[in-house]
Amino acid sequence: METGKIGAGKHLTRIITKAYMDLHERAANGAFVVWIAINVPAEIFLGFENVVYGVPESHAAMNAAKGVGVTQCVKAEQLGYSMDLCSYARIDIGCVSDHGKDSPSFGLPKPDLIVSNNNNCSLLTKWFDVHHRQMGVPHFLIDVPFCYQPQKEKDREYIVRQFKDLIRVIEEMSGQKFHMDRFCQAVDYSIQGVALWKKFLEFADHKPSGITAFDSFVHMAPFLILRGVPAFEEHYRLLVEETEQRIADCVFPVPEEKYRLFWDNIAPWHQLRKMSSRLAELNANIVGATYTSCIGTKEGSFDLFPFDGTDPMHFLARTQNAYICPHGLELRKQAMAGVVRKLKIDGIIFACNRSCKPYSITQMDQQKHFFNQEGIPTVMIEVDHADARKYNEENSFLRIEALLEAIDAKRAA
Ligand code: SF4
């Protein structure tokens, strides 16, 4: 796709809009449609000529960011689903219930196959089972072993075998053939794009930081729905070049940066603009987040995990544990400590997420560790990544301001 001279923000809107339009159009023209969990390797579907995929979690995040998260949640609650369920699930179930009526993308086209994995949480597998029952569509579950320790070879082989099973199932259901060369090409685009993503995050090393975590939240969308295609790599190249130029021109998101903060948990999609501008007024910048740092890594580290050029399917299996939720406490701590030191973080915001229990479950222990062992002031606030009813701005900022005071007190001591 021609990127021309437009900014990365506009480019993002353009490619995301196009991705949803293409998805609907190709589905209407007979493509085999798969719904996937975010960390199911999208590159597998690109190994087929006419298989397209939609990502309900990402679609739910977009609904929340566009201000219709609560509207969709309420529809699911009216059907009897508990408010305690993950808001992504409620948004998605609510959205499906009236065929995408309030969705910015008119929902997702009806799937032929649903593919989940259980390494982030078991709730997601039950949520996808709801669709499986209601739509009468098969649900393929990739079982990924939880990792209290680094992934073992036998686990990797087990995951690869399931990828191969998935390919066989799609071949049988769609009547299409899987092409290894197409798949390898897709993995190559993904690898190039992810390397550029890591480069983009490194602009937070600069003082003042060249980026905010809010930039990274917004620009992670292609990672979720556009992996494996040229536009993915092009977008991150544009983003890196643009950010590099802004730093060279001394244009920084928080020019008088006094506090460098770190965020632990999923992005508060309904608060991105409000939270970032209110923090900027306090000369505070959330310069990084576990949520976006984990992309392109493996458990226990937020450094890029490079592809050794041998077997792309093994590589994708090896990075199935990149995300935070499948990590035991020690691996989480290890990865976070590395990036917190690298970015010279002054304070950490642990966002206890009412929806995502797997992400939030270890936060209390993490908080103690970073305060007692690393001497870093921390705070815990309550959020919900997509249900704005479960977030109180004033309470949260009261605590965040207390965190900034704790940082001042530490500096003065
Ligand atoms: S509970 Fe967390 S990991 Fe599970 S679907 Fe919701 S956001 Fe994802």
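In this predicted model, strand β3 (residues 113–117) has 5 of its 5 residues buried, so the strand is largely enclosed by the rest of the structure. Burial here means that 20 or more other C-beta atoms lie within 10 Å of a residue's own. In a regular strand, side chains alternate between the two faces of the sheet. Both faces of β3 are covered. Leu113, Val115 and Asn117 are buried on one side. Ile114 and Ser116 are buried on the other.

β3 has strand partners. Strand β1 (residues 32–36) pairs with β3 in the parallel sense, over 3 bridges. In this pairing, Val34 stands opposite Leu113. Strand β4 (residues 139–142) also pairs with β3 in the parallel sense, over 4 bridges. Here Ser116 stands opposite Leu141 of β4.

The protein as a whole contains 18 helices and 8 strands. Its radius of gyration is 21 Å, close to the 22 Å that the globule rule gives for 413 residues, so the protein is as compact as a globular protein of that length. The C-alpha trace spans about 70 × 50 × 45 Å along its principal axes. Of the 413 residues, 50% count as buried. Among contacts between residues at least 6 apart in sequence, 77% join residues at least 24 apart.

The ligand is surrounded by 13 residues. Cys86, Asn120, Cys121, Leu124 and Cys356 are the closest. Helices α6 (122–135) and α16 (357–360) each supply at least two residues of the shell. By class, the shell has 10 nonpolar, 2 polar and 1 charged residues. Domain 1 (8–178) and domain 2 (182–412) both contribute to this shell, so the ligand lies between them.

Terms used: Residues numbered from 1 in each chain as written. Predicted model: local features only at pLDDT ≥ 70, side-chain atom pairs only at ≥ 80, totals over all residues. Near = placed C-beta within 6 Å. Nonpolar A, V, L, I, M, F, W, Y, C, P; charged D, E, K, R; others polar. Domains from an automatic or database assignment. Rg over C-alpha atoms; globule rule 2.2 N^0.38 Å. Buried ≥ 20, exposed ≤ 12 C-beta atoms within 10 Å, placed from the backbone. Contact = placed C-beta atoms within 7 Å. Pairing = 2+ DSSP bridges.
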